[in-house]
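Colleague: I would like to go through this model with you, one question at a time. Please show it first.

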Amino acid sequence: MSVHKAISEHVGKQNKIITSFAALDQEREYYIEQALDNCKKGLPFSADKINEVTSRINELSKQGIVPARKLVTMDMIKEYASRIK
């Protein structure tokens, strides 16, 4: 295998990971906003979808290219919602 081909494959794999991370991070932010909105309105909310996406992000982060994200608790959502009212 040529060096050029090996480098191209490596960059392609990194690009795929970064693209996946960006999409997952955007999805995570959407679920966070949804939970915050429901919390502020006094409606039921959950961190389940947020943490499902966060777990997928953290699996990607094990490859060393993208950062890990913290799991979110109900208390974290409540606290942040109370600060942004």
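Modeller: This is a predicted model. In it, α1 and α3 (74–83) each supply at least two residues of the lining of the largest pocket.

Colleague: What is the volume of the largest pocket, and which residues line it?

Modeller: The lining includes Arg28, Glu29, Ile32, Glu33 and Leu36. Also in the lining are Lys70, Val72, Met76, Ile77, Glu79, Tyr80 and Arg83. The volume of this pocket is about 230 Å³.

Colleague: How many residues of each class are in the lining of the largest pocket?

Modeller: Arg28 and Lys70 are among the lining residues, and Arg and Lys count as charged. Val72 and Met76 also line the pocket, and Val and Met count as nonpolar. By class, the lining has six nonpolar, six charged and no polar residues.

Colleague: Are α1 and α3 roughly parallel or roughly perpendicular?

Modeller: The axes of α1 and α3 come within 9 Å and cross at roughly 65 degrees. Angles from 65 to 115 degrees count as roughly perpendicular. That makes α1 and α3 roughly perpendicular.

Colleague: Which residues of α3 meet α1?

Modeller: The crossing of these two helices, α1 and α3, is right-handed. On the α1 side, the residues are Ala35, Leu36, Cys39 and Lys40. On the α3 side, they are Ile77, Lys78, Tyr80 and Ala81.

Colleague: Are α1 and α2 roughly parallel or roughly antiparallel?

Modeller: Helix α1 spans residues 3–40 and helix α2 spans residues 48–61, and their axes cross at roughly 160 degrees. An angle over 145 degrees counts as roughly antiparallel. Therefore α1 and α2 are roughly antiparallel.

Colleague: How do the residues of the contact of α1 with α2 divide by class?

Modeller: Helix α1 contributes residues including Ile17, Phe21, Leu24 and Arg28, and α2 contributes residues including Lys49, Ile50, Val53 and Leu60. The residues of this contact divide into ten nonpolar, two polar and five charged.

Note on methods. Residues are numbered from 1 along each chain as its sequence is written. This is a predicted model: local features need pLDDT of at least 70, side-chain atom pairs count only at pLDDT 80 or more; totals for chains, interfaces and linings use all residues. Side-chain values use heavy atoms; hydrogens and water are left out. Axes are lines fitted to C-alpha atoms, for helices over the stretch in contact, and angles run from 0 to 180 degrees between N-to-C directions. Helices (H or I, at least four residues) and strands (E, at least two) are DSSP runs, numbered from the N terminus. Angles under 35 degrees count as roughly parallel, over 145 as roughly antiparallel, 65 to 115 as roughly perpendicular and the rest as oblique. Contact means heavy atoms within 4.5 Å. On a 1 Å grid over the protein atoms alone, a cavity is a set of points where a 1.4 Å probe fits but cannot get out, and a pocket is an open set with protein on both sides within 12 Å along at least five of seven lines; lining residues have an atom within 4 Å of a point. Grid points are joined across faces, edges and corners, and a volume is the space filled by probe spheres set on the points. A crossing is left-handed if the near helix is turned anticlockwise from the far one by less than a right angle, and right-handed if clockwise.
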